[in-house]
Amino acid sequence: VVDVHGVIVRPTDPLEGLLLPLITERRPDADPDRVRELHRRLVLGRMSVEEFWSEVGLGPVADEVETSYLSSFRLVPGLHPFLDRMAASQLPVAVVGNQPRAWGDRLRRMAALDDEVASWMVSGDVGSTLPEPALFEATRRTMSVDLYDCFYLSNVPDHLDAAEELGMATGLFLAGNEAAPATGHSLVRGFDDLLRSRATTG
């Protein structure tokens, strides 16, 4: 089980790192706190993406701005080789993330992940965001697995803490030369680290 933001794509915090700058560039008069509140409602499934763009004053150019936003995400290096190895080993990969369903679906298609992941569960579907347990529980039901049999990758310690409390094995995912925060979770330095580990253990 992997986080969308931070493991599949970067940045880890898309609101502050991509979305808010994009909106304030187009609408310098936009109130950042208002945008944050609207985004919170959006990822909880309490408003549609169309309503969101309208509320931030970008309704007439929503398609253009949304495409710009989603295409600004960067795939984490090594993702596709990792997914290929998991498929070859018959180990299904599930994705969880704080986003509306419409953006999750578009991002998955743009990243050519439609056939690569077994489940893509988003906060907009369950009305609850990570690190709350609802996304993990929904994934468990969808995948028909026990959380004790799952390994969860994220680079957000709070998300990992919540998963560990549910019985999942956890790994703090770091890309490149990122500094490791103080944490008791296993450190995973990129997908190459995972692939080497599996090659070593057979």
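Modeller: Phe-151 counts as partly exposed because its relative accessibility is 35%, where buried means under 20% relative accessible area, exposed over 50% and partly exposed in between, for a 1.4 Å probe and protein chains only. The model is predicted, so local features need pLDDT of at least 70 and side-chain atom pairs count only at pLDDT 80 or more, while totals for chains, interfaces and linings use all residues. Residues are numbered from 1 along each chain as its sequence is written, and side-chain values use heavy atoms, with hydrogens and water left out.

Phe-151 lies in strand S6; helices (H or I, at least four residues) and strands (E, at least two) are DSSP runs, numbered from the N terminus. Not counting residues up to four places away in sequence, Phe-151 touches Val-1, Ala-169, Thr-170, Gly-171, Val-188 and Leu-194, a contact being heavy atoms within 4.5 Å.

One of these partners, Thr-170, is found in strand S7 (residues 169-174). Thr-170 counts as buried because its relative accessibility is 9%. The side chains of Thr-170 and His-185 are joined by a polar contact of 2.7 Å. Such a contact is a pair of N or O atoms within 3.5 Å; within protein, one must be able to donate a hydrogen and the other to accept it, and residues adjacent in sequence count only if both atoms are side-chain atoms.

Phe-151 also belongs to the lining of the largest pocket, where Val-1, Leu-91, Pro-92, Asp-149 and Phe-151 lie nearest the centre among 17 residues. Helix H6 (79-88), helix H9 (134-143), strand S6 (151-154) and helix H11 (190-201) each give two or more residues to this lining. A pocket is found on a 1 Å grid over the protein atoms alone, as an open set of points where a 1.4 Å probe fits, with protein on both sides within 12 Å along at least five of seven lines; lining residues have an atom within 4 Å of a point. The volume of the largest pocket is about 460 Å³, that is, the space filled by probe spheres set on the points, which are joined across faces, edges and corners.

The lining of the largest pocket comprises 14 nonpolar, one polar and two charged residues. Here Ala, Val, Leu, Ile, Met, Phe, Trp, Tyr, Cys and Pro count as nonpolar, Asp, Glu, Lys and Arg as charged, and the others, Gly among them, as polar. The second largest pocket, with about 320 Å³ of space, has six nonpolar, seven polar and three charged residues in its lining.
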